[in-house]
Amino acid sequence: MRYELPVLPYSYNALEPFIDAQTMEIHHSKHHAAYINKLNEALAKAPQLEDKTLEELLNNLDLAPEEIRSAIRNHGGGHYNHSFFWEMLTPAGKNGTPISAILDLKEEFNKKAVNLFGSGWAWIIKNENGSLEVATTPNQDTPLSFGKKIILGLDVWEHAYYLKYQNRRAEYIDAWWNVINWQKVSKML
Ligand code: MN
């Protein structure tokens, strides 16, 4: 199989109490794994794409034949987004110093993340002129597909928080700010 589930750089309980171990385990080993399986299934139908990276495919969805284009978009986007998401988390207390340019956007970010209707992601992206911006995408769409550089992203699908926070998405968003890997954010900037 072309893509495999990445190993997390921390244990499932490492983000407690902000993100609980059961949610992390199901999210990683079931949800993320399912995106990868379906992405691999789709790519198996298009051997001509063998030399294309996932980034290239997401950045130019028209490269894929129409019959698998939505699978690349949804499951490829799911694999890409989740792989990025895990990397940008780390246990609280070992996560470095929050970056003021990001904190300046916290209020706007939280508001957009709370109000995003249905399933999707909230992002901080970097524009070509270096400015930072808050964005959201529905489903598993990724800013990469719009040519944007991702600095930070938050999964606001219910599967990311429902076991612990139920309908209290705002509490999950607040909690997430405690487990951001600021060293990695700093490198992305
Ligand atoms: Mn997810």
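**View 1. Polar contacts and salt bridges join domain 1 and domain 2.** Between domain 1 and domain 2 of this predicted model, 11 residue pairs are in polar contact, both residues at pLDDT 80 or more. A polar contact is a pair of N or O atoms within 3.5 Å; within protein, one must be able to donate a hydrogen and the other to accept it, and residues adjacent in sequence count only if both atoms are side-chain atoms. Three helices each supply at least two residues to the side of domain 1 that touches domain 2: helix 1 (21-44), helix 2 (54-59) and helix 3 (66-87). Helix 3 gives the largest share, 10 residues. Helices (H or I, at least four residues) and strands (E, at least two) are DSSP runs, numbered from the N terminus. The rule also finds 2 salt bridges across the interface (a side-chain nitrogen of Lys or Arg within 4 Å of a carboxyl oxygen of Asp or Glu). Lys184 forms a salt bridge with Glu87; their closest N and O atoms are 2.7 Å apart.

View 2. In contact (heavy atoms within 4.5 Å) are 20 residues of domain 1 and 25 residues of domain 2. Together the domains bury about 1,700 Å², with 58% of it on carbon and sulfur atoms. Buried area is the accessible area (1.4 Å probe) that two parts lose on being put together, summed over both. Asn81, Phe84 and Phe85 supply 33% of the area that domain 1 buries against domain 2, more than any other three residues.

**View 3. Four residues coordinate the manganese ion.** The donors are His27 (NE2), His82 (NE2), Asp155 (OD) and His159 (NE2), at 1.9 to 2.1 Å. Along the chain they follow the spacing H-x54-H-x72-D-x3-H. His82 in helix 3 and Asp155 in strand 3 (residues 149-155) are 73 residues apart, so this pair links distant parts of the chain. Donors are N, O and S atoms within 2.8 Å of the metal (3.2 Å for Na, K and Ca); water is not among the atoms, so sites may look incomplete.

**View 4. Backbone details at Pro17 and Asn139.** Most residues other than glycine have a negative phi, and most peptide bonds are trans. The peptide bond from Glu16 to Pro17 is cis, with omega near -5°. Pro17 is found in the segment before helix 1. Asn139 is not a glycine, yet has a positive phi of about 55°. Asn139 lies in the loop between strand 2 (132-138) and strand 3.

Technical notes. Residues numbered from 1 in each chain as written. Predicted model: local features only at pLDDT ≥ 70, side-chain atom pairs only at ≥ 80, totals over all residues. Heavy atoms only, no water.
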